[in-house]
Amino acid sequence: MAKEKKDTGPPLKTWKLLKEVNNAYNIEINQNVTNGKPVIIGTAMVPPQLVNAFDAVFVAGEWYGSICGFTRDVSLAETAESCGFPHELCSYARMTVGSMIQDKGFLGKYPKPMAVMGTEGYCIVQAKWFEALARYHNVPFTVLDIAPVHSGSQKNWGEEAVRDSVEYVVAQLKDCIEFLEWSLDQKVQEEKMINSIITMHRNEVLWDKLMRLWRQKPSPISIRSLFTFENLIVSLPTSRDATKVLEAIIEELEERVEKGIAAIENEQVRLLWQAQPGWYLLNVLRYFESLGATFVASPYLEMWGATYRFELCKEDTPDWFRERRDPTNLDECLWEIAKEIIALEVWPRLDPGIAMMKKIAIESEADGGVWHAVRACKGVSYGELAEMEDIKRDLGLPGFILEGSPADPRDFSEGPSLRQIRVFVEQAKRVKKRREAKRAKMEKQTST
Amino acid sequence: MFSEFEAIVRDRYGHAKELKERTGKQIFGYLCSYVPEEIIYAAGAIPTRILTTEEAPTLSETLMQTYYCTFARSILHQGLAGQLDYMDGLVTAYSCATMRLAFENLQRSMGLPYTKFLYLPGIIDTPEAKNYYYKELVRFKKDLEDLFGRTISDDDLREAIAVYNENRSSISELFEGRKEAPPKISGREAYLLTLSSMLTDKADHTRLLKKLIREVPSRESLDVGASRVMLVGSPVDNVKLIDLIEKDIGAWVVADDTCTCTRYACGTTSVDQAGKDPLRALVERYLIARPPCPTKHSPTRWIQCKTCPFRDVACFDLKPDPKQELPKTLSFQTPERICRFRHALQLAINHKVEGVIAVEQKFCDPHGFDFHHVTQAFQHVGIPTLFLEIDNMVTVGQIKTRVQAFIEMLHPVDYMIDPEIRQGISL
């Protein structure tokens with residue numbers, strides 16, 4: 001890693017609280033390997049509100065894979081590959097499968113699930129990966145099929161098609177409840193589900209607020225910190241502990257914004273970030289910072305809030321689809337969950353994705369963007385090249401493709417990447433200067 | 001005997017243009033074997049599948065990263081290169097993110113008057129999935145009616161279904177000859193039949209098939225004693241791979257589970273059901289009657305695993321843990337169709353297969369994840385497997401030695417299945 005001087009702002013006070021909540025969750029999973037509540041493993045697209053209506057712990061495979069990536073334990077991926085899972089497959093999946101086969105988790109043992117849930121519609125891996133886990137564990141497996149709302153350049157069939165999709169997902173959610181009741185030998189707890197959804201709504205609003213604060217000038221929080229906060233909204237979105245942490249960080253950031261405290265003191269260019277990071281090498285982001293580049297917005301992080309998702313499908317959905325209500329009974333719960341996950345599924349579509357990217361770029365006053373070409377992650381990498389080209393053409397912002405993988409360090413070439421990053425940041429600075437000069441000239445002409 | 005079929009595959013663009021000129025009909029391209037072609041046909045257009053070419057997909061590189069499979073990138077390349085300009089419309093059914101991205105990029109770049117992304121449920125045998133897909137098909141039919149300015153009647157659909165059923169049953173009749181020793185038709189010929197079927201007017205194709213059905217019995221036998229191989233996995237649309245196995249190495253590809261050959265021809269649409277509601281009948285054909293691809297799931301597949309005849313010999317011995325036993329009043333629906341592993345195993349046994357080549361288009365996630373299970377399933381019944389990564393260019397030099405070494409070690413297999421279990425599967 002490059003030896004550039006760290007050029008960051010003051011430490012976050014909320015960090016301690018965040019660590020406590022994240023650690024409590026990590027330890028809970030670890031304890032559940034031997035006793036305690038049963039574990040359900042599934043994709044991050046499985047609605048946690050559903051699983052949390054039972055006395056069970058939900059482990060999002062993507063989060064588990066990211067922690068495996070963070071440990072840089074390549075032997076996990078190698079184990080999966082030696083069993084016939086090709087290297088080209090998603091590195092989260094290979095790490096998790098390897099962890100399962102070795103029975104080696106990041107805190108000791110791998111959390112053996114009592115049932116496994118996959119999803120379809122967003123990315124095929126989110127079904128196939130979990131099917132492989134279920135086969136290995138010999139446990140029941142189900143798939144939730146998330147039908148889309150046909151946004152973007154599809155012909156808009158209006159309310160009819162949207163209602164069909166929601167009803168289809170609601171019917172499956174009922175099947176999922178039966179599946180969980182049978183697998184866990186428990187009854188669904190309506191009250192728990194209602195509370196989970198209300199808390200999740202609250203947390204999503206807070207997450208949106210956090211995202212808005214991130215965009216401030218100067219930006220009060222670094223992207224590296226946000227990737228750690230992300231666990232709150234991915235693994236613990238229905239938790240009140242997560243609410244407390246989010247409220248605390250928002251309060252702290254509002255204070256920072258008021259006082260003009262920057263997370264990265266040397267904010268020369270403001271950049272967008274797309275896709276998940278390489279969890280094994282978060283220091284690459286620090287390298288950007290040392291060169292004076294600050295990340296200020298990311299569709300990947302924004303999608304966990306409600307604003308991004310519902311904004312994305314605004315033109316293709318009726319008002320009732322985007323209205324979020326706190327439910328009062330099980331039927332209303334399922335309706336709310338269905339809308340939420342369908343809205344999330346809209347993300348990998350070219351036209352709406354590009355439109356949102358442009359909007360975020362303008363709103364956050366970005367000077368360029370970095371697209372992490374996440375090797376073998378077809379969902380998150382979806383349409384990155386078209387996005388980058390359109391942003392370049394329509395907004396005049398430079399873009400950079402950083403090739404890597406979320407969890408497998410073998411897919412990232414550090415030396416060449418750092419050189420490319422340096423060149424790109426210099427380019428972004430030059431382009432910014434040119435744009436500012438042009439703007440000043442135009443303003444001068446207008447005033448005269 | 002097969003030259004007419006080969007000509008269609010070799011000159012697919014020329015053939016499509018000639019077809020368009022001759023019939024005056026519009027040509028609709030489609031990307032996936034799950035697209036219900038019958039509806040397009042009933043609307044008065046000719047559906048033709050877009051397959052790969054051997055050209056390097058260079059133009060696609062500005063829109064799709066190289067870690068997307070070349071099957072999709074080759075399709076996009078053809079669109080960007082103007083090679084698909086004969087098309088009047090483009091349709092796909094959801095299979096995976098890669099194909100969806102290729103579709104969306106074609107949609108944005110080609111400026112076609114009509115494009116359609118059909119959401120084919122990822123779960124295919126539940127009442128709600130069928131109901132959802134039925135509604136998708138109703139909307140698709142309505143789209144085409146608006147486009148062509150005419151009503152597509154139930155009789156139009158029934159007529160199209162009859163044309164397609166006849167084509168599929170004719171291909172299946174010829175494919176029966178693959179079971180014989182030596183096979184009546186080679187793997188190359190089998191692939192040419194289905195690939196050409198995807199690329200031309202079905203009624204014309206059936207006429208050629210009928211002629212072939214009359215001619216095949218009197219043809220000279222193929223070589224006796226060659227090894228019998230099966231292909232399983234990603235789409236194979238370049239017969240160079242088959243040529244390598246059959247011509248260069250000297251084995252017969254007697255069976256396959258790929259969407260460009262057997263899977264395409266399997267499963268007829270119920271005429272009885274079509275009599276009542278042709279769209280419902282099509283839903284049944286595409287979701288249930290045809291063998292599934294690895295992108296399709298049953299929500300409760302493990303229930304059926306409990307009674308699967310291969311349960312004790314294959315990899316998918318999913319026990320419904322934690323209780324070991326299924327309760328008598330289980331509220332879940334049992335899957336309506338057999339799983340793809342069982343389907344593939346039955347095909348292998350029916351065709352006396354001695355070795356399986358699991359073909360994966362490089363970067364194909366659905367097949368990549370299945371390979372581990374496919375290998376176990378076949379090996380547990382005593383059939384050796386070879387994993388072969390390919391791309392649209394099929395670089396023969398690189399894979400020849402591996403395929404040759406694999407085929408040289410093959411011999412007739414005494415399938416390791418309990419005789420009683422063997423009774424339970426339709427051999």
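**A walk through chains A and B**

Chain B has 18 helices and eight strands. The model is a predicted one. Of the 427 residues in chain B, 56% count as buried. Among the contacts in chain B with a separation of 6 or more, 77% are between residues 24 or more positions apart.

The contact between the two chains comes next. Chain B contributes 50 residues to this contact and chain A contributes 51 residues. On the side of chain B that touches chain A, the elements giving two or more residues are α5 (97–110), α6 (127–148) and α16 (365–380) of chain B. The largest share of that side, eight residues, is from α16(B). By class, the residues on the side of chain B that touches chain A are 25 nonpolar, 14 polar and 11 charged.

As background, most residues other than glycine have a negative phi, and most peptide bonds are trans. Phe363(B) is not a glycine, yet its phi is positive, at about 75°. This residue sits in the loop between β7 (355–361) and α16 of chain B. Phe363(B) counts as buried because it has 25 C-beta neighbours inside 10 Å, and the cut-off for a buried residue is 20 or more.

A pair of helices in chain B shows how elements pack within the chain. Two packed helices are described by the angle between their axes and the distance between the axes. For helix α10 (residues 240–249) and helix α17 (residues 396–408) of chain B, the axes come within 10 Å and cross at roughly 50°. The two helices α10(B) and α17(B) are therefore oblique to each other, and their crossing is right-handed. From α10(B), the residues that take part are Lys240(B), Leu244(B), Ile245(B), Asp248(B) and Ile249(B). They meet Val396(B), Lys400(B), Val403(B), Gln404(B) and Ile407(B) of α17(B). Sorted by class, the contact of α10(B) with α17(B) has six nonpolar residues, one polar residue and three charged residues. An α-helix has 3.6 residues a turn, so residues three or four places apart point the same way.

Elsewhere in chain B, Ile213(B) belongs to helix α9 (residues 202–215). With 14 other C-beta atoms within 10 Å, Ile213(B) is partly exposed. Apart from neighbours within four places in sequence, Ile213(B) is in contact with Ser170(B), Glu173(B) and Leu174(B). One of these, Ser170(B), is 43 residues from Ile213(B) in sequence, while the C-alpha atoms of the two are 7.8 Å apart in space. Chain B also has a cis peptide bond, between Ala181(B) and Pro182(B), with omega of about -5°. Pro182(B) is placed in the loop between α7 (154–175) and α8 (187–198) of chain B.

Chain A has a cis peptide bond between Lys217(A) and Pro218(A), where omega is about -5°. Pro218(A) is in the loop between α8 and α9 (223–234) of chain A. Helix α8 (residues 190–214) of chain A contains Glu191(A). Glu191(A) is exposed, with 9 other C-beta atoms within 10 Å. Its C-alpha atom is separated by 7.8 Å from that of Ala53(A), although Glu191(A) and Ala53(A) are 138 residues apart along the chain.

The next element of chain A is α5 (residues 91–102). This helix has 12 residues and reaches 16 Å from its first C-alpha to its last, close to the 16 Å expected at 1.5 Å a residue. Since 10 of its 12 residues are buried, α5(A) is largely enclosed by the rest of the structure. The buried residues of α5(A) are Ser91(A), Tyr92(A), Ala93(A), Arg94(A), Met95(A), Thr96(A), Val97(A), Gly98(A), Ser99(A) and Met100(A). They pack against α3 (61–70), α4 (74–82) and α6 (125–137) of chain A. Just after α5(A), Asp103(A) has a positive phi of about 50°.

Two of the helices that pack against the buried residues of α5(A) are α3 and α4 of chain A. Arg72(A) lies in the loop between α3 and α4 of chain A. The phi of Arg72(A) is near 60°, a positive value in a residue other than glycine. Arg72(A) is partly exposed, with 13 other C-beta atoms within 10 Å.

Technical notes. Residues are numbered from 1 along each chain as its sequence is written. Chains are lettered from A and ligands numbered from 1 in the order in which they are written. This is a predicted model: local features need pLDDT of at least 70, side-chain atom pairs count only at pLDDT 80 or more; totals for chains, interfaces and linings use all residues. Helices (H or I, at least four residues) and strands (E, at least two) are DSSP runs, numbered from the N terminus. The expected span of a helix is 1.5 Å times one less than its number of residues. Two residues are in contact if their C-beta atoms, placed from the backbone, lie within 7 Å. Axes are lines fitted to C-alpha atoms, for helices over the stretch in contact, and angles run from 0 to 180 degrees between N-to-C directions. Angles under 35 degrees count as roughly parallel, over 145 as roughly antiparallel, 65 to 115 as roughly perpendicular and the rest as oblique. A crossing is left-handed if the near helix is turned anticlockwise from the far one by less than a right angle, and right-handed if clockwise. Ala, Val, Leu, Ile, Met, Phe, Trp, Tyr, Cys and Pro count as nonpolar, Asp, Glu, Lys and Arg as charged, and the others, Gly among them, as polar.
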